[in-house]
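Open the model in your viewer and keep the selection tool at hand. The stops below go from one contact surface to another and end at a single side chain.

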Amino acid sequence: MKTCFIHSAICISAQETFYNNDFLKEASEVTTEFASAIHPVYKDYIPPAAIRRMAPGVKMGVVAAKQSLNEANINIPEAIIVGTGMGCIEDSEKFLNALIDNDEEFLAPTSFIQSTHNTVGAQIALGLQCKAYNMTYVHGAVSFESGLLDAQLLIQTSEAKTVLVGGVDELGKEFSVFFNKIEKQQPQGIQVPFGEGAGFFGMSSEKAGAFAILKDVQVFETVSVADITSKLKAFLTNNGLLFQDIDAILMGENGDAYDVYYHEMQASVFLKTPQISYKKVSGEFYTASVFGFWAGCHLLKRQEIPKILLKNSIEKKNYQHVLLYNQYKGKEHSFTLLSRC
Amino acid sequence: METLRQELKENIIEQLNLEDFTVDDIADDDRLFGDGLGLDSIDALELIVMLDKNYGIKLTDPKEGKEIFVSIAVLAEYIATHRTK
């Protein structure tokens, strides 16, 4: 089986992660109600005729994808894979509101056409004139990880030499407001702002130019707090690793009651491991783990952990294996294992 | 007629997200499709919906669109003659 090498990691987020190359040195916790993305100048990357119909999520996805392909030196990938939790929620809101306002008449086509979840993948392909495998995964908080799994399988089985894989979600205008209202009513709801962002990664079976390896991905719908550590142990064993082999753990803590899953590991098997918590700077959204994956990639590339992300005071000189663990409301768990090349 | 032309320009800019255009950028005789504003087939659908919603004009024959959507001047003329609201 071939190895899945990572050649590029590009992220548009609530932090200056697109233009700024300092790996979150100037990042800060998001204290506003929403973690809105810091948008690049899209006109530098997308033709004006195409850009005018694109909602923020599509623009973020297309530009992050384009930049990722550039950095990975991939002209046309053999597969384009996108994960998204809410798809193009802004156009969905627009279309559905028009449906109600106009008494189901006078439905303008643009927002409907652009509201489908696979719009980002389609626009990337259209921009590249790429007719290769094109797949969009929509599965809550494991949307991106489902895409990663697909990318890994395509490369491992030699079905594709080069794969562009990413995740994207946009805030929209109304869904995010409803989301906040619901969370505020919870006894211990999510404590980080609702956010948005896009991350894309160029992967290939070629090692030259790569800085990390996607070793393994596992997703599972439910597991009890008591069983999470043994589940992880089995995952690591399957990859020939022990808990102490993990040099940094990136966890998707968002401050809600379900953070006990993370605390369980932090206080036991990863007590002496650098612990990273990223959603305070990225915000929470269904594909927020893309930010964690991007941070994990750059951690391995640069061999450093940004201070803003470090939860404990433990650091290492060498980072060989990085583990990402994310879950949402006690469901949609994912383990992602990255290793240095 | 001048008011209608102005209204059409404003609506087209808003409906079709022509972010780089202002009303002053669109001359009454500029071609809407092709070399002029560069509108495309999806925009034509948007314009058909706009005619129905704002002016009560239902275009059933797509060929009609080609003749009507030539320019703001031609479109305004057609609307003034056929509008039901």
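Begin by selecting Arg53(A) and Asp40(B), whose side chains meet in a salt bridge with N to O at 2.5 Å (a side-chain nitrogen of Lys or Arg within 4 Å of a carboxyl oxygen of Asp or Glu). This is a predicted model, in which local features need pLDDT of at least 70 and side-chain atom pairs count only at pLDDT 80 or more, while totals for chains, interfaces and linings use all residues. Residues are numbered from 1 along each chain as its sequence is written, chains are lettered from A and ligands numbered from 1 in the order in which they are written, and side-chain values use heavy atoms, with hydrogens and water left out.

Now widen the selection to the interface of chain A and chain B, across which four salt bridges are found. Helix α4 of chain A, residues 109-114, gives the most to the chain A side, with three residues (helices are DSSP runs of H or I with at least four residues, strands runs of E with at least two, numbered from the N terminus). In contact here are 11 residues of chain A and 15 residues of chain B, contact meaning heavy atoms within 4.5 Å. The buried area is about 1,200 Å², with 49% from carbon and sulfur atoms (the accessible area, with a 1.4 Å probe, that two parts lose on being put together, summed over both). Color Arg52(A), Arg53(A) and Phe106(A), which supply 53% of the area that chain A buries against chain B, more than any other three residues.

Next, stay within chain A and color domain 1 (5-204) and domain 2 (212-340) separately; these bounds come from an automatic or database domain assignment. Their centres, taken over C-alpha atoms, are 22 Å apart, and the contact takes 52 residues from domain 1 and 43 residues from domain 2. Between them the two domains bury about 3,900 Å², 67% of it on carbon and sulfur atoms. Two salt bridges are found across this interface; to see a salt bridge in chain A, select Glu304(A) and Lys25(A), whose closest N and O atoms are 3.4 Å apart.

Finally, go to Gln275(A) in strand β10 of chain A, residues 275-277. Is Gln275(A) buried or exposed? Gln275(A) is buried, because its relative accessible area is 7% and buried means under 20% (1.4 Å probe, protein chains only). A polar atom of the Gln275(A) side chain lies 3.1 Å from the backbone oxygen of Gln266(A). Leaving out residues up to four places away in sequence, Gln275(A) touches residues including Ile249(A), Phe270(A) and Leu309(A).

Key: Buried < 20%, exposed > 50% of the residue type's maximum accessible area, 1.4 Å probe, protein only. Polar contact = N/O pair within 3.5 Å; in protein donor to acceptor, adjacent residues only side chain to side chain.
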